[in-house]
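Please open the structure in your viewer and keep the sequence panel beside it.

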Amino acid sequence: MSVVPPGEARAHLAAALAPLRDAAGAPRWGDPARWHLTLLFLGAVPPGLLPDLTAAVGEAAGRTPPAVLRLAGAGRFGSRRRPQVCWAGLDGDVAVLAALADRLAAAARALGLPVEDRPFRAHLTLGRWLPRRPADGDLPDRLAGYRGPAWPLREVSLVRSSAGRHDPLGTWPVG
């Protein structure tokens, strides 16, 4: 389940990221058209559970109060010497987004689906460093002061990912 920042927010961040795209030790950058905020990742979902899952996503989204978010700052997962993921952070009503992620995880667990047991960390993956390649783990620091335009959280999507494709299964309004 994910939230897609509006085109304006993605374009603003892409412009800020442009000077870093060809930097030595940069990660393999993701396509801004595919950038999204993952609220909950599930592995394979049995087809028989999809109707209940989609109903649960709609209910969780509908119980979410209005929120305003902003892409802000950057960081990495992995150590400075062996970075793995370069990400942009969020600010604004992040607690509302975290509560939504918690409701989605609880709904998936109630359906018997396995859910990772770790706290939600709001971020947008910008790129991934490839193993055994030169990597500049300090590169995200260049975006530390980044602040994008604010945008209202409007909808949540359920997306099936397979072989690099992302197929939306449904989208529900928030609130």
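This is a predicted model: local features need pLDDT of at least 70, side-chain atom pairs count only at pLDDT 80 or more; totals for chains, interfaces and linings use all residues.

Select H36 and show the residues around it. Leaving out residues up to four places away in sequence, H36 touches S2, V3, V4, P5, H123 and L124. H36 sits in the loop between strand 2 and strand 3. Is H36 buried, partly exposed or exposed? Its relative accessibility is 27%, so H36 counts as partly exposed. Now show the backbone of R34: its oxygen lies 2.9 Å from a polar atom of the H36 side chain.

Next, select H123, one of the contacts of H36. H123 is in the loop between helix 3 and strand 6. With neighbours within four places in sequence set aside, H123 is in contact with H36, L37, F77, W87, A88 and L90. The side chain of H123 also reaches a backbone oxygen, that of R121, at 2.7 Å.

An unreviewed UniProt entry lists H36 and H123 under "active site". They are spread over 88 residues of sequence, yet they cluster in space, with a largest C-alpha distance of 8.8 Å.

Stay in the loop between strand 2 (28-29) and strand 3 (37-38), and select G30 there. With a relative accessibility of 26%, G30 counts as partly exposed. Which residues does G30 contact, leaving aside neighbours within four places in sequence? They are R21, W35, L126 and G127. The line spans 5.1 Å, although G30 and G127 are 97 residues apart in sequence.

Now turn to the interior. In soluble globular proteins, nonpolar side chains tend to be buried together. The largest nonpolar core in this model has 48 residues, and M1, L97, L126 and V156 touch the most other members. Colour the elements that give two or more residues to this core: helix 1 (7-17), helix 2 (50-62), strand 4, strand 5, helix 3 (94-110), strand 6 and strand 8 (155-162). Which element gives the most to this core? Helix 3 does, with 7 residues.

Not counting residues up to four places away in sequence, L97 touches V3, L37, L39, L69, L90, F120, A122 and L153.

Then select T64, in the loop between helix 2 and strand 4. Its relative accessibility is 2%, so T64 counts as buried. Beyond residues up to four places away in sequence, T64 touches V96, L100, R103, L153, V174 and G175. Show the side chain of R103 as well: a polar contact of 2.5 Å joins it to the side chain of T64.

The next stops are salt bridges, of which there are 6. Start with D138 and R80, where the closest N and O atoms are 2.7 Å apart. This pair links distant parts of the chain, 58 residues apart: D138 is in the loop between strand 6 (124-128) and strand 7 (151-152), and R80 is in the loop between strand 4 (68-78) and strand 5 (83-92). D138 is partly exposed at 28% relative accessibility, and R80 is partly exposed at 48%.

Move on to R118 and E116, whose side chains meet in a salt bridge of 3.2 Å, N to O. R118 has a relative accessible area of 59% and is exposed, whereas E116, at 46%, is partly exposed.

The last stop is R132, in the loop between strand 6 and strand 7. Is R132 buried or exposed? At 83% relative accessibility, R132 counts as exposed. Look at its backbone too: the phi angle of R132 is near 60 degrees, a positive value in a residue other than glycine.

Notes
Residues are numbered from 1 along each chain as its sequence is written. Side-chain values use heavy atoms; hydrogens and water are left out. A salt bridge is a side-chain nitrogen of Lys or Arg within 4 Å of a carboxyl oxygen of Asp or Glu. Helices (H or I, at least four residues) and strands (E, at least two) are DSSP runs, numbered from the N terminus. Buried means under 20% relative accessible area, exposed over 50%, partly exposed in between (1.4 Å probe, protein chains only). Contact means heavy atoms within 4.5 Å. A nonpolar core is a set of buried Ala, Val, Leu, Ile, Met, Phe, Trp, Tyr and Cys residues joined through side-chain atoms within 4.5 Å. A polar contact is a pair of N or O atoms within 3.5 Å; within protein, one must be able to donate a hydrogen and the other to accept it, and residues adjacent in sequence count only if both atoms are side-chain atoms. UniProt positions are given in the numbering used here, feature names are shortened, and annotations may be inferred rather than shown by experiment.
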